[in-house]
Every structure is written in C-alpha cells, then in structure tokens.
Amino acid sequence: MDTKNNIGGYSTPMPAKTWRTVKVAGLAGLPDDGSVGAVSVVATVADISGQGQLFGRPDADTKYTLMGIYGGEQQQNTSFSSVLAVGADGTIQVYAETSARLILDVQGYYTANTDGTAPGGFVPLNGKRVADTRSGTGFPQAQLTTGKSAVLQVTGTAGVPAGASAVIVNLVAMNATSNVGFLTPYPTGAARPANSFNYAGGTITTMQAQVQLSADGKITVYNANSTMDLAIDVQGYFTATGGSGAVFTPGSGRIFDTRATGNTILAGNETRAVDVAGQVGVPVMGSGINSVVLTLTASAANGSGWGRVWANGTSEPDTASLRYDNGTIRSNTITVPVGANGKISLHNIGNGATNFIIDVQGWYANPQAPTISCPSPYLAGSWATAVPSADIMCTVVTPTESSSGQQLAVTLDGDLDSLNDLSESGTTTTSVAVPAHGGVHTISVEVDTASGAFIAANIYSFGLGDWSLKSLTPTPADGAETNTDGSLSVAPADDTFGPDAQFHYVITSDADGSNLVADSDWVAGDFPIPATALAPGHTYFWSVSVRGTSGGSTTVKTVTSPTWSFVASTAPTAAISCPSPYQDGSWQYDALDAPVTCTVTAPPAYTDAANLSVALDGNDVGSQPLSLGDPTQMTVTIPAGAAAHSIIATTSIDATNASTDATFAFGSGLWSNADYVPSIKDGGASADIAPTLFVDTDGAPFSDDVELQYTVSANKDGSGVVVQSDWSSHPLSVESGTLTTGRTYFWHAEARGPLNDGSTIADVTTPTWSFTATTDSDLITGATTQDTTNSSQTESTQASAASSCPSWLFIGVRGTNEKAGSGKSRWGHGWTSGGYGEMEQVARKLRNDVRATVESLNYPASWSGSVGPVYWNSEAKGQANLISEVNAVAKSCSSTKIWIGGHSQGAQVVEDTLASRKFSKTAQANFRGGVLAGNPTYRWGEYVDAPGNGGLNGKLYPWHHSVDFLKAKNNKGKKVTQVRSYCFPNDLFCQTLGTSLPVHNSYKNEPTPSNEEKWLRQFA
C-alpha cells in the first residue's frame, strides 16, 4: 500500500480517524487461497500533519491493536513493523489518528495453522547484539554512508543455528546528520526489495524487522539518504522446513501502562516485572507459549534513554528494545521470550522517570501434544491375551489452550469418541472407555484451532485377546435364508481379527464338500456371494480358513471353521414393455394425445412369499404376490400429456428383503412449450428473507443441459435489478441482506438449451412474478397445515394437537427416484406411510424401540439422468419442505424432539438444510441428531464421518456444506457431532471414483440401520 502512488487502491493520504481496508492476500507473494492467517508488515508514515498513533485490525468485528506511534521527531518519516491478523476476505484494516501518507510493505505472512513467514516455526532468544559499526562487531568499524550496504553473518552467532530460514532483529539506527534516512534489510545475494525502514535525523531510532536469511545464513543491510552507525540485536529465528518451533497467534490488548490507576511511572534505571501470560487473551503458562510480540511505547518528559525488555528470571542482555528522546513519544515492535513465571522484565535505562506502555500484537507457542495413559498392564504397544471383564478407563490430559476456541477431538478405534473445549486456565482431562473386547485398540487425539486448523496430535495403541483361540461366528447365520446380493464373513467371538488376517472361502452344493461352486482363494475380508452361480431356493454349504498373527505373537496362525449352510435367496427380475414407439430411454417430440398402457411381467419365484410392486413416477401403482409356477403380470397406464415418465418394477422376497428393480423411462413433449411454475407463488410471501428461487415446468421437464439465469428487480418493468444469477442449472440463492423485509420484488428467469428430443436449441423467458420479502415461515406452514379460517376453531385445533404431540419424531428423506409415500402428515410437508427409501429400516427401528413417530418428507427426489435443473430444483424443494415441516413441528409441538435421516439426494437435502441454519430457535433446540447415507456432496475427513468410510470426496463435492458445527452432549456426557455420515467405498455417487450402484443402495442392509439408530439414540 502507498497512499501517494495509488498502490492498494488509495491515492489520497490517510484521513484522520478513519479506517481503510487493504487487500493483502494474493499480493506481494501472499497466497490467495484462504491460508493466510496473519501478515507481518513494515508501516512507514510520511508527510505527517501531526503526531499520532497507527492502529490495525483484521475486520470491524475484531479488537484493534496498536501498530506504532509516528511523528515524534519534528514529524519526520517514521517506520515500524507490526503483525496483524488477516480477515476471512484476505484484507486488513488500518487507522491513523492524523492525516498522513501511509506505506505498507510486506515482510512475510503466517498461515492459518502454522507459522508461514518462514517454512518452519519460531524459536525466541533473549536478545543478543550481533552487529555494531561503532565497535566493529559483525560489521566493519565504519559508519554506513548513503548508498552503502553491509553484510552480516547471522547463523552461527547468538544461538542462531545453521539452516535457520529467517530472523527477527532490532535495527538501531544512530543518525549523526539531520537527514531522514532509510534501511533495507534482505537476504544476501537476493535482489534488494522496495520496502524500507525510515529513521529520523539527528537522533537514534529502533525498528524491528523480520528478515529472510540467505542459504549460507547472511543478511545484507542497505542504507540510503544519510550517514549513520548501525547496531543489530537478534530476538529470535525461524527454523528450516520441517523443523520444530513455535507457531504464531495474532492478538490485541494492553498489558501494561505506567499511567494507569494503581501504577507508577518507571523511575530512572528502574527494572519492573510485567505479567504477560494470562493477560488480555495471552494464554497462561503450560500452554506452550514461549514469546510475545509487543508494541513498546515510551513517553519521555524527563530526559533521553533506552528501554530494554527480556524474559523475567533470566540474565539481562546487552540489547536495546527502544530508544526515546526527551519530550518525545516513541514506539517499537519487539519480540521477547516469556519467563517461566509468565513475566517479562522492563528496564528504563535513563536518569529520568519515564512512562512506558505495552500492547500485545500476538504470541508464539510450541504446539503441546496431549498425553494419553491407560492402567497397567495396558501400556502403549503392549498386548494382553486375557480380555478384562470390564471396560478399560484411559485418560487424556491436554495442556492449556494456546489460543481461544481450541478443541480436542478424541477418536477410539477409528470412531469419534468426544469433542472437548480446552481450558484457558489449566489442563483438560478427558476419560476414554476402551471396550473389553479382543483386538487392537487405538486412541487418537488431535488439538485443532477454533477454525479447525491442526495444532498437535498423539496416538496410543494396545492389544487384547487371541482370536485364534475363539470360536468363529458366521454371517449369514448357519441355515439362514440369505440374500445373494450380500457377502460371506466370519468373526471371532468377543474378539477381532488383526489387520493382516486373510480368509479363504469355499462354497459347495453338498455337505461333504463335493461339487465346488465357488472358491475365493485368499482374500483380505468378506467374500461377495457369487449370485450368478447359485440357484434361488437351493441350499449351499460353506467354510472358511483364516490365517494371520494373533494374541500379539509374530507367528502366523491358521484356523479352519466348521461347515455351515445357507439358502440362496434371489428376487427374479421383471420385464417392462410399452407399445412402439415408446422405447426405454426414448423421447417423443409430441406430447401424448392419449393414455399409453405398458406391461410388467415377472417370472416365477422360488417361494410363494414373494411380491411384485410397481411404481409410476415415484408413486405406487399396486402390488401382488408372485406365482410359484407362472409369470405374474401387471399393467401401468401412462397419462396423456407432456412429461417424463419412469416405471420401476420391484420383485422382493419376504424372508430376506432381497429385491431386484427393473426400470423403464421415456418422455414426450418439449420444455419450451410447458407452463412455468415459480418456487414462490405469484404475489405470495417469501417466508425467508434470503429465499431460494427456481422455476419448474408443468409438463416436459428441462433437459439436462438447460441453463437458467434468474433476475430479481425492484420494479415490474425489470428496472432496478437487485440481483441476477450467472447462467447455470442451479436455483438462485439470494444472499442475506439483499432484500428488505416487507418490500415487493419482481422476478423472472430466462432458460436456454437443447430441447428434450435434442432437435434444436431453445431460448425462453418466463413470465414475471412478484413476491413480498418476509421472514415469517408461518405464512407458508400455516396455509398448508390449517384448512379453516375460523380463529376459535384454529386455536382449539392447535390446543388439541399440542396435547397429542409425540415425544420423538423421525423424518426420513428418500434418495433419488425412490418411491414416494402417501398420507399427509399433520404438519403438511411429510407422508405418514412409505416414502422412506433406504431410511425405512432405521425408521422402523426407532418406531419399535423408542415408540417414535415416523414420517417421510414429501419432495420430488427426482433427476433426469444427470445433474441438471431437474435435480437441483428437486433438492431445493426438499430443503424448503424440510425447513417448513420442522419449523411447523416446533411451533405446534414445542417439546417434540426431532431426528432426521437422508439417503443419496435426501442426504444432500438434510445436510444443506442443517447447514443453512434456517430452523426456528425452538426447532434448533429440539433437533437431536441426523444421519446421512451416500451423500453425493460428501467430504472425506470431517468429524461427522463414520468409521470405514471411503477415502474420497463425493461426485458433487464442490457443493458440500459442512455440518461439523452441530455438536451436543450425548447420554454419556461427552460432546460429539450430532450428525453421522456414511459413505461406503466404491459408492457410485459419494465417492469420486466409485462405480457401484448396488453399494450406493446398500445402506438399508445391516449393520448400518442399527449403527444409525445407535448414533441417534445417544441424544435421547
């Protein structure tokens, strides 16, 4: 920034007492990816109208810090360095008390989670003079004249090791002339940068600088515009890449002021201890804090002198922190170690009493890893073959937080055990109950900042039991009728196989092991049942051999199971046919002018406990039992008109829930000829001050590649555009603060893209609609749930409804193209029967086990074969209906606790709804947990992840919205995330490289529903 040369967006001097915002991210070598947490700058103040103070802050919501005082020497140019936190938008804000030219030069930056001025961390030193032109120390014994440079070897002196990447130094400029000069320090051998430190004429000036070192550990200092002596004191260094060292946290606040009530001026040659740790946000000792960055200010009225600061309890160094002259106010940024007692020492080196003020800019702290301990004999790395009868209680002790808002995440055996807020005044102790069960148990702990950046971690593992001595339990159970879409697996009783275990499965058609059907060879886990090699209804026999190390031994052991049996259960695949020209996947230019009848034919089943059910466009057409000997037929009538149609024929086996879907899709008509339906009824209320606007069709849907542009205007003629979207397939999400409550707005959309049959490109503009911006969600929920306008009847109905409110409500949100439900819920946006999709099993469990009321969400759950307007409009409707349903429940049943679960598109609906934070206050308080399965916007590595998830992001990951912020205490008193997300490896949609649709549709299979129920019920 230079306010004289229009660098940084300003070409006029800093106005007095006015904040200015300066972009730093993406400039001067700083990245623009959100990783910059703080920036180190040199501030030079020139053309000064009067002495003043310069302040800085990251944004208007954060407390400011004193960067320095300028104009103390006859309003000469003044330079000082400062470290400022950077705002989320990559900017800083600065404020000058008087009008002046301001120049900001970047020295370096700190990343959001680690020190980034140099590749490594910071190591403080207690101050050491390494150069002085007056004595010939470090430099030749000669003054620096204008245009001259001096080279200083830094590494190998004052405790700075070879390989250090940068240093923090204090430059002491002793100017014998009246000219204002400037110094530029930089790594030797590099090009001299433009930044500079201005020093006053005829006096001594102290200035802190952060300087990168050359490969051989040197710096060069260039002098201009004056002749002067130069001394340099080292205050600390940054380690090399990958080296240990402290990380930086920006801060602000005043910790010392001799002018304040209760304090006294610092007498000549007096030394005083100053409390730092635990003051104005600086963490207490034990947190890893080792040094602080301070603005040291002297207000001198009784003569000239020096201020010297060092770690209390250590020897006083021979350095200068600040030079002051009689009748002046001087400041300098200093970096100083903190004593073991959390204090620093301040020495007034002068004959006259002087006032000193100390302000915090930030601090450095070494990341302190938590310690983990378990009772004997369960030491880290040990193995106990005897499994105890009770859980093993282990303890995690985490040091005091080094910055506010830090959190400890404890993971037990790959599953989140607890989230713990750290203390700013002492250690935090957390208990972990390790289950009394065989296998390797691992406790992992991680400390993160308030923004989620990593600080420190630790891990502790030990083993229990010996699986080679345990009986083996088969899945499926011996003799069970088994869905051939499943797998064969085995587990040791009350134990766990080790990570090196291998399995060899054999399936035969005879009990004596003859007539081999399948041989897995040695595999690392379950064995998928080879359905094509099995005949439905037939009995098969199987066994497995297991090999691997066990009980802590390095010897490989082999165990062979008994022979078990299962009955193969497979649902036959139905066939769907429609008259020509309506073929599967076809699209007709003209709309249907008469209904079309299609036929579904299912082959005989191996059992009479089997069914055929048919759905048209997500709605049940009917069902009937499958015949043992003859094919079963049903007909489906497609209504006349333009639309996309989908027929799903499902055959199922009662005993195993085995099912097979057959699908058939075709369409007719063109989206360009359809009527357009606005997401907010014309003339209606938005019920949301930040609404989502989209347009649907009443007829042929938008084709996949159609893009829309939405425009919201203040006037019906389209003038006064308030917001306009880019061209995309997404709805328009109006940002908060754009609309004014109570005002009427006008909107329309323009759609362009290929017609449904691919014949040509169309460009259509919808009619213009209006809505009134409101925040009252009851304008929607009330109109939907109440059919009477009589106020006394309404009050009576509400009172009656409240008396019959359920204690628990589960709302299931089905996935794409899963069958719709039926029966309107009492709150208007759900179904009372069916419509759960993959969430049906967990809904059934909650209803049976805790007598919860269960319903499914009424929304389209549609797409057109790819992710286009049809999908995004469906997902937006799902969000709107879920918000309305939950808020309506909270209004009429304020004590009803709510669980929500969703699969596939439904999981995205649930996640986006929760992330939007649009529930009412009562609804937010009553939300007790959510489960997501196969979410296409899945993001790997979040707290919400279930153990065993795939290690990739979802195919729609760019539209992911995190819900990690939703946390609550469970019934064990531990704080955990309220949402659990399941995404199996190779899932077609929630894994970027996934290829399996059967995996995507397998979340209804055990043990997932039981795990989902367990997760939700921990908040009961």
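## Disulfides and a helix pair

Cys990 is buried, with a relative accessibility of 0%. Its partner in a disulfide is Cys983, and the two sulfur atoms sit 2.1 Å apart. Cys983 counts as buried as well, at 0% relative accessibility. The link between Cys983 and Cys990 is right-handed, with 105° about the S-S bond. Keep in mind that this is a predicted model.

So much for that pair; now the others. The count comes to 4 disulfides, taking sulfur atoms within 2.5 Å as the rule. If you number the bonded cysteines in sequence order, the pairing reads 1-2, 3-4, 5-6, 7-8.

| Disulfide | Torsion about S-S | Handedness |
|---|---|---|
| Cys578 and Cys598 | 115° | right-handed |
| Cys805 and Cys893 | -75° | left-handed |
| Cys983 and Cys990 | 105° | right-handed |

Take Cys578 and Cys598, joined with an S to S distance of 2.0 Å. Cys578 lies in the loop between β42 (575-577) and β43 (587-588), while Cys598 belongs to strand β44 (residues 596-602), so the bond ties together parts that are 20 residues apart in sequence. Cys578 is buried because its relative accessible area, 13%, is under the 20% cut-off. Cys598 is buried too, with a relative accessible area of 0%.

Next, Cys805 is joined to Cys893, again as a disulfide, with S to S at 2.0 Å. Cys805 is in the loop between α2 (791-803) and β60 (808-813), and Cys893 is in the loop between α4 and β64 (897-903), so this pair ties together parts that are 88 residues apart in sequence. Cys893 counts as buried, at 1% relative accessibility.

Two packed helices are described by the angle between their axes and the distance between the axes. For helix α4 (residues 869-892) and helix α5 (residues 905-916), the axes come within 9 Å and cross at roughly 55°. That angle makes α4 oblique to α5. The crossing of α4 past α5 is right-handed.

Which residues in α4 and α5 meet? On the α4 side they are Tyr871, Trp872, Ser874, Glu875, Gly878, Gln879, Leu882 and Ile883. Their counterparts in α5 are Gln905, Gln908, Val909, Val910, Asp912, Thr913 and Ser916. Sorted by class, the contact of α4 with α5 has 6 nonpolar, 7 polar and 2 charged residues.

Methods: Residues are numbered from 1 along each chain as its sequence is written. This is a predicted model: local features need pLDDT of at least 70, side-chain atom pairs count only at pLDDT 80 or more; totals for chains, interfaces and linings use all residues. Side-chain values use heavy atoms; hydrogens and water are left out. Axes are lines fitted to C-alpha atoms, for helices over the stretch in contact, and angles run from 0 to 180 degrees between N-to-C directions. Helices (H or I, at least four residues) and strands (E, at least two) are DSSP runs, numbered from the N terminus. Angles under 35 degrees count as roughly parallel, over 145 as roughly antiparallel, 65 to 115 as roughly perpendicular and the rest as oblique. A crossing is left-handed if the near helix is turned anticlockwise from the far one by less than a right angle, and right-handed if clockwise. Contact means heavy atoms within 4.5 Å. Ala, Val, Leu, Ile, Met, Phe, Trp, Tyr, Cys and Pro count as nonpolar, Asp, Glu, Lys and Arg as charged, and the others, Gly among them, as polar. Buried means under 20% relative accessible area, exposed over 50%, partly exposed in between (1.4 Å probe, protein chains only).
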